[in-house]
Amino acid sequence: MTAKVFGVFSGGGVKGAAFLGAVEEAQKSVQFVGWGGTSAGSIVASLLACGYSIEELKELLLAAPYAEFFRISKLRLLLFGRYRGLIDPAPLLRWLRTHIGKKFPNLSRVNFEHLRDDQYLKIVAANISTQQIAIYSKAVTPKQEIAQAVLASSSFPLLFPAVRDGEDEIVDGGIFSNFPMWLFQNEHEEIHRAFVPVLGFALISSPAEERKKSVLSHVYSIVESVLAAQERVQDKYIDAPRSASVIRIDVGTTPTFVTSQSREKHDSLLLAGRDAAAKYFERATENYGRRMLLPSLGPAHQTPIQLVSSGNYREAVSAIARQHIIHGGVARDSGPGADRVLVKYYIDLMEAVTDHEKLEALALTVSEHIKSLGEPFDRIVGTKKGNIILSYAVAQKLGKPLSVFKSDMSYKMGQPFDGYVNAGERIIVVDDIASDAQMLLNPIRHLHFYHAVVKCVVTLLERIEGDARLRIIQDKGVPLHTICRVDDKAIEHLITGNTPFQCN
């Protein structure tokens, strides 16, 4: 079954033609069920959402009257205080209304409410009156005209005047978020009972070619510099789960604003987009396997705390883990070739415990599990390379002291534990995930050296592909207790069918 995704586009002016080649290639692997974007990305998103095919848009963007769209008026320059923009927005608005209207021939103005349920669209702009992001969609702004929203999202300050929305002034969404990968992160809509992931399309530029010196070229250079800086920031600081679902398109030195677009340049942008998407979907390495596209998941019907309170511990752990799955990874990387354990999906709960509610749910789950074991113990031990926050929260709930194994060469300079470990103390080692045995064997080995008694290891998850259970039990005779045991198949079922992990 073809994966369903939302498509999100960054800004980029005429470089947005590259999106068409990327989408055309991506459609071979995924099915788009909605669109969103900023600035130039909002133009492409709106036309696709309104029913245009890629072939139609190729010719439409090639023939677009860019000279009218980006003509700087000397009169507007002289009377800037009156016009508050160097470019007349009327040609762009007229073009948008004309071509959006062609897909809705019975309407004089096309609003978001006129979109069908399968024509999902979100547009991002910047409200400079309230200094907040403005989001236009059928759910939030049903009476808003689509063309007007796209114009607002594309109205770069200085070049275009702000678009009035009641008492507010709206400008280019790129001012606040030039690449809104977050746009669908809190969606509650479900399609075929599965939450839909986001696939982003970002334009990456090289330093622009120097223009001839003039006042107008200087204005364009300032704008280009601002946009280029935004591209570099977005490329560097997008977090790992989101960046894993981004197709980055190298558009070279193509300027953002031009007054004409040759077929040769247009085709080169299409080709750049197509090549970037092809590389994205074909990218694979011997160690990590084919890159998979994973969902951005909405909240469960019950919160994690509600699930834990009702005794549904594995459901709570599964719901939280489902939101923190990222692409690729290895369960263990301690040997060459056949000795290496490869996994398709990697689960990381470090981000989860920075959320108070999720930390509370996970800590309660581990604490209740430890209580159910009936094992008397004196101290909780966590590992520096593990989930210390979780270990600390569990120790707090159980009213026991916490010590942390440094788990790196720093203990050569002093004690291997932060906190005391006394001879004869009964210890429970706590971490979030057991996969690589070495992470847990190291603290157990040092605890034994200090003549402490390691009663057991307790984790939220255990990777079946890993060697933790076998080596901890066989090498050290220490039981491993875990809430859920998972493998790639279990994670696949969790992603596609929201099927909770199985208990140990």
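Helices (H or I, at least four residues) and strands (E, at least two) are DSSP runs numbered from the N terminus; axes are lines fitted to C-alpha atoms, for helices over the stretch in contact, with angles running from 0 to 180 degrees between N-to-C directions. The model is predicted: local features need pLDDT of at least 70, side-chain atom pairs count only at pLDDT 80 or more, and totals for chains, interfaces and linings use all residues. Residues are numbered from 1 along each chain as its sequence is written, and side-chain values use heavy atoms, leaving out hydrogens and water.

**Exercise 1.** Determine how the axes of α16 and α17 are arranged.

Step 1. The axes of α16 (residues 437-449) and α17 (residues 468-476) come within 9 Å and cross at roughly 20 degrees.

Step 2. Angles under 35 degrees count as roughly parallel; α16 and α17 are therefore roughly parallel to each other.

**Exercise 2.** Characterise the salt bridge between E375 and K455.

Step 1. A salt bridge requires a side-chain nitrogen of Lys or Arg within 4 Å of a carboxyl oxygen of Asp or Glu. For E375 and K455, the closest N and O atoms are 3.4 Å apart.

Step 2. E375 lies in the loop between α14 (356-373) and β13 (379-383) and K455 in strand β17 (residues 453-463), so the pair ties together parts 80 residues apart in sequence.

Step 3. With buried meaning under 20% relative accessible area, exposed over 50% and partly exposed in between (1.4 Å probe, protein chains only), E375 is partly exposed at 31%, and K455 is partly exposed at 24%.

Key. Angles under 35 degrees count as roughly parallel, over 145 as roughly antiparallel, 65 to 115 as roughly perpendicular and the rest as oblique.
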